[in-house]
Amino acid sequence: MTPRRISLHIDELVLHGVSPAHREQVGEAVRQELSRLLATEGLPQGFSGGEVARLDAGAVHVTPHAAPQSLGAQVARAVYSGLGRGK
């Protein structure tokens, strides 16, 4: 089976309470975890395809002073789950 090519573009990611100094680290962790999830799990069940103009991934609760990499991975999992809930 030939792998499918998936193109995912996140124009804006709003994270309240995250230090601006950590935005690059969090963003890279989101990219890495989403890439891993899509490569290992494929598209989430329930994803209808096409462009999604806005996705509410819900709330991500983290412990205070969590590492940016941990926060990014949690955000990625929330985004991945949100894709499966449809448009």
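## Ala-21 and the way into helix 1

Ala-21 sits in the segment that comes before helix 1. In this predicted model, Ala-21 counts as exposed because its relative accessibility is 65%, above the 50% cut-off for that class. Along the chain, Ala-21 and Pro-68 are 47 residues apart, yet their C-alpha atoms are separated by 9.9 Å in space.

Pro-68 belongs to helix 2. With a relative accessible area of 12%, Pro-68 is buried, since the limit for that label is under 20%. Setting aside residues up to four places away in sequence, Pro-68 touches His-22, Gln-25, Val-26 and Ala-29. For a contrast in distance, take Phe-47: Pro-68 and Phe-47 are 21 residues apart along the chain, and 28 Å lies between their C-alpha atoms.

Ser-70 is also part of helix 2. Here the relative accessibility is 36%, so Ser-70 counts as partly exposed.

## Helix 2 as a whole

Helix 2 runs over residues 68-84. From its first C-alpha to its last, helix 2 reaches 25 Å, close to the 24 Å expected for its 17 residues at 1.5 Å a residue.

How much of helix 2 is covered? Helix 2 is mostly covered, with 12 of its 17 residues buried. Among the buried residues are Pro-68, Leu-71, Gly-72, Ala-73, Val-75 and Ala-76, and others including Val-79, Tyr-80 and Leu-83. The partner for these buried residues is helix 1, against which they pack.

## The nonpolar core

In soluble globular proteins, nonpolar side chains tend to be buried together. In this model, the largest nonpolar core has 10 residues. Its members are Val-26, Val-30, Leu-34, Leu-37 and Leu-38, together with Leu-71, Val-75, Ala-76, Val-79 and Tyr-80. Helix 1 and helix 2 each supply at least two residues of this core.

## Glu-41 at the end of helix 1

Helix 1 covers residues 23-41, and Glu-41 is in this helix. At 53% relative accessibility, Glu-41 counts as exposed. Its contacts, not counting residues up to four places away in sequence, are with Arg-36 and Tyr-80. Glu-41 and Gln-25 are 16 residues apart in sequence, and their C-alpha atoms are 24 Å apart in space.

## Pockets

Rolling a probe the size of a water molecule over the atoms shows where empty space is left. The largest pocket holds about 1300 Å³ of space. It is lined by 43 residues, and those nearest its centre are Ile-10, Glu-12, Leu-13, Leu-55 and Val-79. By class, this lining has 25 nonpolar, 11 polar and seven charged residues. Which element gives the largest share of the lining of the largest pocket? That is helix 2, with six residues.

The second largest pocket has a volume of about 400 Å³. Of its 19 lining residues, Ile-10, Leu-13, Gly-27, Val-30 and Arg-31 are the closest to its centre. The lining of the second largest pocket divides into 12 nonpolar, five polar and two charged residues. Ile-10 and Leu-13 are named near the centre of the largest pocket and again for the second largest pocket.

Technical notes. Residues numbered from 1 in each chain as written. Predicted model: local features only at pLDDT ≥ 70, side-chain atom pairs only at ≥ 80, totals over all residues. Heavy atoms only, no water. Helix = DSSP H or I, 4+ residues; strand = E, 2+ residues; numbered from the N terminus. Buried < 20%, exposed > 50% of the residue type's maximum accessible area, 1.4 Å probe, protein only. Contact = heavy atoms within 4.5 Å. 1 Å grid on protein atoms, 1.4 Å probe; cavity = no way out; pocket = protein on both sides within 12 Å on 5 of 7 lines; lining within 4 Å. Points joined across faces, edges and corners; volume = space filled by probe spheres on them. Nonpolar A, V, L, I, M, F, W, Y, C, P; charged D, E, K, R; others polar. Expected span 1.5 Å × (residues − 1). Core = buried A, V, L, I, M, F, W, Y, C linked by side-chain atoms within 4.5 Å.
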